[in-house]
Amino acid sequence: MIEHIGISTPQGRFDALAAGPDDGRPVLLLHGFPEASTEWEHQLATLSAAGCRAVAPDQRGYSPGVRPERPEDYSIEEVAGDALAIADELGWSRFDLVGHDWGGSVAWHVAAENPDRLRTLTVVSTPHPGAYARAVRTDEDQQLRSSYIPNLQNVRTAEKQLLANNASSLKALFEGVVPHGHVREYVERLSEPGALVAALNWYRGIKFSGHTDKVKVPTLYVWGTEDAAFGSTAALSTGEWVEGPYRFEMFEDISHWLPEQADEGLSRLLLEHLSAHA
């Protein structure tokens with residue numbers, strides 16, 4: 001049974017999905033753009049069946065109760081602080097952290113800055129920010145893959161373009177591989193007043209964000225070979241930014257939307273990772 005819960009923090013009230021016994025092993029799952037906690041439904045069910053207490057919040061800007069207007073309020077330091085505040089409110093002194101897309105960026109930063117808080121780290125799709133930054137500087141393929149970012153940062157046109165023609169551009173991002181019900185929910189959420197501006201502020205907050213150091217906690221990194229946003233250069237070099245136990249898994253012919261497109265495979269790897277570092 002997946003529950004809808006609210007988590008009140010000093011930053012505001014986060015909406016979240018939760019599953020599993022209250023005293024189960026705590027696992028926090030962070031979604032990316034332009035999705036929501038719903039992307040983790042399969043993993044929540046799997047973790048719950050394994051006896052874990054899994055919580056997936058709608059992150060800053062996606063939860064109406066935590067929707068600041070300034071881009072600088074979406075720096076990596078601010079959004080990483082949200083993850084820790086949520087864990088604090090849940091009473092979790094140590095927990096397992098899972099992140100996808102922007103949630104992956106948050107997860108890397110939390111792990112680098114607060115290794116004492118994490119039992120394990122799992123990141124899906126998103127390479128370590130250091131590996132990504134180097135690939136953007138040196139790899140023509142990654143430069144091409146990242147060329148969409150300035151368009152999303154454009155405050156004059158991005159929102160209008162994504163929501164025009166019944167949000168056809170927003171729907172097209174999911175490449176036809178995300179369940180239709182999920183896509184419909186994401187579009188409905190981001191069509192609410194102020195919601196898409198807040199979601200895009202994650203991109204506009206990049207210039208206010210600092211550096212992410214190497215990670216020392218046990219790490220699982222999962223990447224799909226058909227990911228349109230992150231190429232092989234950054235993915236294959238991510239291990240250079242992990243000083244603790246590291247496992248890299250590659251899904252052939254799977255796109256950026258790996259938690260939904262390869263839900264069973266990802267859930268299996270996640271359980272293996274947790275079991276290996278009990």
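Helix α7 (residues 158-172) spans only 15 Å between its end C-alpha atoms, whereas a straight helix of 15 residues would span 21 Å at 1.5 Å a residue; the expected span is 1.5 Å times one less than the number of residues. Helices (H or I, at least four residues) and strands (E, at least two) are DSSP runs, numbered from the N terminus. A kink of about 120° in α7 is centred on N166, the bend at a residue being the angle between axes fitted to the seven residues ending there and the seven starting there.

The model is predicted: local features need pLDDT of at least 70 and side-chain atom pairs count only at pLDDT 80 or more, while totals for chains, interfaces and linings use all residues. Residues are numbered from 1 along each chain as its sequence is written, and side-chain values use heavy atoms, with hydrogens and water left out.

## The sheet

Eight strands form an open sheet with mixed pairing, in the order β1-β2-β4-β3-β5-β6-β7-β8; two strands pair if DSSP finds at least two bridges between them. The edge strands, β1 (3-9) and β8 (246-251), each pair on one side only. Strands β5 (residues 95-100) and β6 (residues 118-124) pair in the parallel sense over six bridges, and the bridge partner of V98 in β6 is T122.

## Buried histidine and aromatic pairs

H109 is located in helix α3 (residues 102-113) and is buried, with a relative accessible area of 6%. Leaving aside neighbours within four places in sequence, H109 is in contact (heavy atoms within 4.5 Å) with I76, E77, A80, H211 and T212.

The structure holds ten aromatic pairs. Rings of Phe, Tyr and Trp (its six-membered ring) pair if their centres lie within 6.5 Å; planes under 30 degrees apart count as stacked, over 60 as edge-to-face and the rest as tilted. Two of the pairs are tabulated.

| Pair | Geometry | Centre to centre | Angle between planes |
|---|---|---|---|
| W102 and Y203 | edge-to-face | 5.5 Å | 80° |
| Y221 and F248 | stacked | 5.5 Å | 20° |

W102 lies in helix α3 and Y203 in helix α9, so their pair ties together parts 101 residues apart in sequence. Ring pairs also link F33, W102, Y148, W202 and Y203 into a cluster.

Technical notes:
Buried means under 20% relative accessible area, exposed over 50%, partly exposed in between (1.4 Å probe, protein chains only).
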